[in-house]
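Please summarise the charge pairs, the sheet and the core of the structure below.

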Amino acid sequence: MNEPRFPNDEREDPWIVVQVSSDEHWNAYHDIRRAVLFEARGLIGYEANHPDDRRDGHFPLLLLLENTPVGALASI
């Protein structure tokens, strides 16, 4: 798998969407999803290792603002 790209290093655009690929991206992806989908709603039991996250045809994405993860989504 390729190393993650951080296209904003050249400050071309402060916003960019990247596909989750590195451990750093996976951690940020799950931190955001856990906080928004579970903790903010008073829920527990978020599973960061759910098999659907890495199945074929599933594309986890991160929204970066100046290389800082600020949003997460999954495209199927």
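A search of the whole structure finds 2 salt bridges, a salt bridge being a side-chain nitrogen of Lys or Arg within 4 Å of a carboxyl oxygen of Asp or Glu. This is a predicted model, in which local features need pLDDT of at least 70 and side-chain atom pairs count only at pLDDT 80 or more, while totals for chains, interfaces and linings use all residues. Residues are numbered from 1 along each chain as its sequence is written, and side-chain values use heavy atoms, with hydrogens and water left out.

| Salt bridge | Closest N and O atoms |
|---|---|
| Asp31 and Arg34 | 3.3 Å |
| Arg55 and Asp52 | 3.6 Å |

Asp31 and Arg34 both sit in helix H1; they are 3 residues apart, so about one helical turn separates them. Asp31 is partly exposed, because its relative accessibility is 46%. Arg34, at 26%, is partly exposed. In the other pair, Arg55 has a relative accessible area of 37% and counts as partly exposed. Asp52 is partly exposed at 38%. The cut-offs are under 20% relative accessible area for buried, over 50% for exposed, and partly exposed in between, with a 1.4 Å probe and protein chains only. Side chains of opposite charge can pair when their charged atoms come close.

His30 also belongs to helix H1. Is His30 buried or exposed? His30 counts as buried, because its relative accessibility is 6%. Not counting residues up to four places away in sequence, His30 touches Tyr46, Ala48 and Asp53. Contact means heavy atoms within 4.5 Å.

Next, the sheet. 3 strands form an open sheet in the order S1-S2-S3, with antiparallel pairing. S1 and S3 are the edge strands, each pairing on one side only. On average, neighbouring strands are turned by 25° against each other, direction ignored. Helix H1 packs on the sheet and touches S1, S2 and S3; its direction makes about 80° with that of S3. Axes are lines fitted to C-alpha atoms, for helices over the stretch in contact, and angles run from 0 to 180 degrees between N-to-C directions. Helices (H or I, at least four residues) and strands (E, at least two) are DSSP runs, numbered from the N terminus. Two strands pair if DSSP finds at least two bridges between them.

S1 and S2 are joined by 5 bridges. Ile16 has Leu64 as its bridge partner in S2. Val17 is partnered by Leu63, and Val18 by Leu62. S2 and S3 (residues 68-75) are joined by 7 bridges. Here Leu63 stands opposite Gly71. The hairpin of S2 and S3 has 2 residues between the strands, and Glu66 takes a positive phi near 50° there.

The largest nonpolar core has 9 residues: Ile16, Val18, Val20, Trp26, Ala28, Tyr29, Ile32, Leu62 and Leu64. Strand S1 (15-19), helix H1 (23-38) and strand S2 (59-65) each give two or more residues to this core. H1 supplies the largest share, 4 residues. A nonpolar core is a set of buried Ala, Val, Leu, Ile, Met, Phe, Trp, Tyr and Cys residues joined through side-chain atoms within 4.5 Å. Leaving aside neighbours within four places in sequence, Leu62 is in contact with several residues, including Ile16, Val18, Ala28, Ile32, Pro69 and Ala72.
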